[in-house]
Amino acid sequence: MPFIKALEPNIENNETQSAASPLPPASVPLQKQDADAIAGVGVRPDDPARSATMIVRDREPVCLAVGTSPDFEMLPVSLALKRYGWLREHYCFKAVPADFDAVSAECAAQENPPGYFIHVKKGADVTLPCQAAMYLASDHLTQAVHNIVILEEGAKLQLITGCTSKHGVQKGRHLSVEEYYIGRNARLVSTMVHAWSADVLVEPRSGVIVEEGGRYESNYIALRAARRINSDPQIYLNGKGASAKSLTVVLGTPGSVVDTAGNVFLNAEDTGAELLHRGVCTGGVMHQGGLLIGNAPCRAHVDCAGMLLDQTGEGFIESVPGLRSHHPDARMSHEASIGKLAPEQVEYLMSRGMDEQEAISMLIRGFLLADIEGLGPELDAQIAEIAAIAGHGEE
Amino acid sequence: MATQSNILEIQNLSVRAGGKLLLDSVDLAIPYGEVHALLGQNGSGKTSLMMTIMGFSGYEVTQGRILFMGRDITALDVCERARLGIAIAQQRPPTIDGVKLRSVLQYTLRNSPDPDEALIRLAKEAQMERFLDRSINGGLSGGEIKRAELLQLLSLSPAFSMMDEPDSGVDIEALSLVGKLINKLFVPDETHPVRRSAGLIITHSGNILKYLHLDKAHVMHNGRIGCSGNPALIMETIGKYGYNECVRCIDQKEKLCRS
């Protein structure tokens, strides 16, 4: 039974609670085209309502702006690893081992990996979201990123990460190791928006460790399908009452492979998890999974729903949520469904004046958002964008 | 039939679905400003006629045509007909999970001077505020479904509204509200009740007649309109003698026509 625990670092505790101050507009050496692409995945460097901004272009951080709070730090991860010995010793490749697979090994082999290090100190509530962009600007490049986020006891953070490639980039690889350490009663809400070129391989490997009373919420939205998206997050709910909620919304298009799975280890009493997968497949292959492993009294649910719009018969969706129980009081459930657009629903909306594409987009958006509440206007808009793309049959 | 005075004309219309003849050489003319009723037994073709006028797929026109405001709309799709001003309140509309009533109203009211105000005002009039963020027709009672349909029609302000049994399965209190909403739909200006928009209403019980002035009624049988006339007189006859008498009379009339 995997039970990965990061040791407490030798960090001086700071009892001060303070909100991070708003940012001045960042001076970002990006062309308008690049800035627009990054804005399309939710990262706006000139937005003052952000606690910090980092933009990684290919393999270099080209922008870093951080507010002046003593309780919050964002650095390039390579700099943080040099500065803090405890980081390398107690956190680096602990939530995701370097030998987890070939992707993590490739990320670990870099001497100065691109990526961010975020540290929120005890009790600090970072009220303004922190944002980061991973941008592939060069063709045929491998961008192997390592991100480490540490929230000490009682800390709160909202993190927005946008990953995209420059228009004209044909091929590339985006690999990542993402490690999240969420302390007692801390809370992290992470929203990641991806929009890649059609021939990019995307391989994120994430590990999340949640201590007692901590909460991890993740929203992953793939606005455009890449050649392959292979996501397999590992979430370890190690402390009593720790919880996680994960929403994955992806679009599959002809020629793409989207594989979103993940394991949640409910390792302590009163832990809870909810995994929601929503996929719209206009072509290509889509796998939806998610294994809940109940090692203690817990409650968990995984829900996979897919809408297959491919008329050629070549694409498919496979939904295989799973449950594994090692404890009689592990109460877990799963559901999976795959459907299509109902013609009578399309025509019903057309009878209200919508043309066929508008009606289909509204139906897809409804499918993606069904039973999901409280996403906020930005996520809502991004899901609407997926629905519009899928409804118009574009890639 | 003078086309200029009719908002809707059905000329010699025959329709098939699944190999079955649903409508058989139907002729119908509804002048501007008139609201007509469609009566008949189950399976007589009433709903099929309305769905065909709206342009829903599954209803294959094998003969004849449909004219709306003098224009042949037989080949137009549902959206095109809706944008010309035709709307329908279905008896059993689909449930659409995830699509909120509010979303549809935001679309239909998008060109209003103040869409948010109009949405709230209309929802209050239909007593549907608490259902705005529910999925379309999801978990609604029969009366609530009818009000949801009428609310959408009110937001569209159609030139020609069709309603499939707005008075069926609805209790007296709910029927009163349904009647009020239908009147608002057909009489947008209460100070000028004669200036009505036009429409077609299917009613089985005739209860809606208590709330709405109808100009003419048509009785359907076997996919044809067998009888047309004063709505009150027709309903009175059906009330006294039942639909069987209508069927007998229509059959007799057709026999005479053939001989």
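## The largest pocket

In this predicted model, 47 residues line the largest pocket, and A:Gly366, A:Phe367, A:Leu369, A:Ala370 and B:Gly98 are the ones nearest its centre. The elements that contribute two or more lining residues are β20 (298–308), β23 (330–339), α6 (356–369) and α7 (377–392) of chain A, along with β7 (96–100) and α3 (101–108) of chain B. Helices (H or I, at least four residues) and strands (E, at least two) are DSSP runs, numbered from the N terminus. With eight residues, α6(A) provides the largest share of this lining. The space in the pocket is about 1,100 Å³.

A pocket is an open set of points on a 1 Å grid over the protein atoms alone, with protein on both sides within 12 Å along at least five of seven lines; a cavity is a set of points where a 1.4 Å probe fits but cannot get out, and lining residues have an atom within 4 Å of a point. Grid points are joined across faces, edges and corners, and a volume is the space filled by probe spheres set on the points.

Residues are numbered from 1 along each chain as its sequence is written, and chains are lettered from A and ligands numbered from 1 in the order in which they are written. Local features need pLDDT of at least 70, side-chain atom pairs count only at pLDDT 80 or more, and totals for chains, interfaces and linings use all residues, while side-chain values use heavy atoms, with hydrogens and water left out.

## Cavities

There are four cavities of 30 Å³ or more. Of the 24 residues lining the largest cavity, A:Ser206, A:Ser218, A:Tyr220, A:Ser231 and A:Pro233 are closest to its centre. Its largest share of lining, four residues, is from β11(A). The second largest cavity lies among residues of chain B, including B:Ala89, B:Lys146, B:Met163 and B:Pro166. Here α5(B) gives the largest share, three residues.

In the table, Ala, Val, Leu, Ile, Met, Phe, Trp, Tyr, Cys and Pro count as nonpolar, Asp, Glu, Lys and Arg as charged, and the others, Gly among them, as polar.

| Space | Volume | Lining by class |
|---|---|---|
| Largest pocket | about 1,100 Å³ | 20 nonpolar, 13 polar, 14 charged residues |
| Largest cavity | about 310 Å³ | ten nonpolar, eleven polar, three charged residues |
| Second largest cavity | about 60 Å³ | four nonpolar, one polar, four charged residues |

## Cores

A nonpolar core is a set of buried Ala, Val, Leu, Ile, Met, Phe, Trp, Tyr and Cys residues joined through side-chain atoms within 4.5 Å. Buried means under 20% relative accessible area, exposed over 50%, and partly exposed in between (1.4 Å probe, protein chains only). The largest nonpolar core holds 117 residues, and A:Ile364, B:Leu49 and B:Phe160 have the most contacts inside it. Another core, of 57 residues, lies apart from it; A:Ala52, A:Cys130, A:Tyr180 and A:Leu266 are among its members.

In α7(B) (residues 231–241), B:Pro231, B:Ile234, B:Met235 and B:Ile238 are buried. They are on the same side of α7(B), because they cover an arc of only 95° around the axis; the arc is that of the directions from the helix axis to the C-beta atoms. The face turned away from this buried side carries the exposed residues B:Ala232, B:Leu233, B:Lys240 and B:Tyr241.

In α4(B) (residues 115–125), the buried residues are B:Ala118, B:Leu119, B:Leu122 and B:Ala123. Their arc of only 125° around the axis puts them on the same side of α4(B).
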